[in-house]
Each structure stands twice: as structure tokens, then as C-alpha cells.
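Dear colleague,

I am handing over the structure below, followed by notes on what turned up when I went through it. Please read the notes with the model open beside you.

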Amino acid sequence: MAQTAEIKHDYHLVDPSPWPLVGSISAFVMMVGLVFTMKGLPVAGLKLGPYVFGAGLLGVIYTMVSWWSDVIREAGPEHRHTRVVQLHHRYGMIMFIASEVMFFVAWFWAYFDAALYATEPNQYARAELLGGWPPKGIETFDPWHLPLLNTLILLTSGTTVTWAHHALLEGDKKGVLQGLALTVGLGVLFTICQAYEYSHAAFGFSGHIYGATFFMATGFHGFHVVIGTIFLAVCLWRAYKDQFTPEQHLGFEFAAWYWHFVDVVWLFLFAAIYVWGAGPSGGGH
């Protein structure tokens, strides 16, 4: 704290940290383990790929927890996050979400390229293989059953996280905890419903472009829901520990931004893949 009091400017000069190096090494170990696992390659005659991957994954998780704990300490007890620093953090989060938007644009692009040009005369092989859209032999999901339920779940979670945010601004701790708890619960419920949906899919990932684009787009969104749920669960714990104030709650604000981004992406997925992509029959599974 004595060092913090001597700071004469509004900018945050980050202290030396081991986590970039530790995280890079852990990610590399995880990648090597994944490659060895997928290829079935032995190490000294033993199938050690899953263990190498697990060690790397534990290293990545440990790095994330430790690094973010440092950031929380810098924002809280050390008071390093001045108004200028918070503004720059917001710029960074906006650019991060913009990059995530472009990530999903790629999957939508792949989906619509295959769907809109399924019988393109210049694409002889594609026209013969797909025979229209949805491809022949594909039994799509009925968008008005489980996909609609998941849509309602996410839309409701968007309202509960907004409720928690407004409660935080008003200094209502009980409202913050209730809103965040409901949001986390709805996020878990969405993941359970999506896992149930995947287990009852009448098509697989491989063998056709429909399954590949469907599972890549919706699967990556599901992964983002899991990340967002963890993000909000951490915020719930921090709110319980009184680490947020109406003036200082940047972590919560970013979690809310991220969750609203997840909501919006799902609305596009529901409209494009589940409703429009089901074809004239409207889905049959």
C-alpha cells in the first residue's frame, strides 16, 4: 500500500508476473497432449497423451485463477484501477467482444455459404451431395420445442443479470446475489438442455456439411455459455464477499457485457440455424 500511495499518475504499470510464461508453457503442453491423444501416438511405448493433456490443462487453469486473482487484488486492495485504467479496460473488452463477433461470423458464413448455394450450378459435387437444404437424409430439430425453451432460458437470464447490475448500482446486495444466482442457474440449465439436445440429434458431426456447421456454431456458443456461467459465478462469490461497490465493479460489468453478447449470438443461431435452416417442414426431431 505504501508503494501504491507513491503513484503520481493515473496509469497502471503492471508488476513483473510469471503467469504469461507459465500459461504459455501450460498451453503448449496441453496442445502436445491433445495431438498425441487424437493421433494415438505412444510416448516411450505408453499412451500418455491424455495425461500430458490433463497436466497442461491443470496448468492453464492454475494460471487463469492466479492471474485473475492478481487482477482482482490490483483492482481492490491496491486501488490500481483508476478511472483512466477502467476506461482502457473497457476499450479492451469492447475489442475482445468484437473479435468474438467475427469468430461467429466465420461459422455463420460457412453455414450460409452451404445453405444458400446448396444447388449452385457451378458446384456440381455440392449439388449432387446435398440435394438442397437441409441436405437430403438430414432430420433437423423442431425449433419450437427444446431450441425455443433454450431461447427463453437465455432471454430470461439476460433480464436477471440486468436486474443484478441495477441492484448493484443501487447498493442492494440481496438483489445482486439473487439476480446473479438466478443467472448462473439459468446458464447451467441451458447447458444441460443443450447436452440433452445433442444426445438426441439424428445426425452427427462428420460426413456432411450440415452437421459440421451445426455443431461448430452451436457447440462453440455452448462453450461460451459455460465460460460466461463461470464468469458470473465468480462475480457471485465476489459480490458475496463485498468486493463490488456501485463505483467499482468493472469485473461484474464485463461479465454482464459478455453474457448479453452470448444472448444475442444465440438469437441469431436460433433464427438462422433452427428456424430458417429447418426448411419448409419446420424440423422433424
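Ring pairs join Phe-141, Trp-144, Phe-190, Tyr-198, Phe-203, Tyr-210, Phe-214, Phe-215, Trp-266, Phe-270 and Tyr-274 into a cluster, where rings of Phe, Tyr and Trp (its six-membered ring) pair if their centres lie within 6.5 Å, and planes under 30 degrees apart count as stacked, over 60 as edge-to-face and the rest as tilted. Before going further, please note that this is a predicted model, in which local features need pLDDT of at least 70 and side-chain atom pairs count only at pLDDT 80 or more, while totals for chains, interfaces and linings use all residues. Residues are numbered from 1 along each chain as its sequence is written, and side-chain values use heavy atoms, with hydrogens and water left out.

On the overall fold, the protein has 9 helices and 0 strands, these being DSSP runs numbered from the N terminus (helices H or I of at least four residues, strands E of at least two). Buried residues make up 37% of the 285 residues, where buried means under 20% relative accessible area, exposed over 50%, and partly exposed in between (1.4 Å probe, protein chains only). Of the contacts with a separation of 6 or more, 75% are between residues 24 or more positions apart, a contact meaning heavy atoms within 4.5 Å.

To return to the rings, the structure holds 30 aromatic pairs. In one of them, the centres of Phe-103 and Phe-220 are 4.9 Å apart with the planes at 85°, so this pair is edge-to-face. Because Phe-103 lies in helix α4 (residues 83–116) and Phe-220 in helix α8 (residues 209–240), the pair ties together parts that are 117 residues apart in sequence. Phe-103 is partly exposed, with a relative accessible area of 28%, and Phe-220 likewise counts as partly exposed at 28%. Tyr-111 and Phe-112 also form an edge-to-face pair, at 5.6 Å centre to centre and 80° between the planes; here Tyr-111 is buried, at 0%, whereas Phe-112 is partly exposed, at 28%. Separately, Lys-173 lies over the face of Tyr-240, at 5.5 Å from the ring centre, the criterion being NZ of Lys or CZ of Arg within 6 Å of the ring centre and within 35 degrees of the ring normal.

In the model, residues 50–70 are 100% helix, with end C-alpha atoms 30 Å apart, and residues 257–277 are 90% helix, with end C-alpha atoms 28 Å apart.
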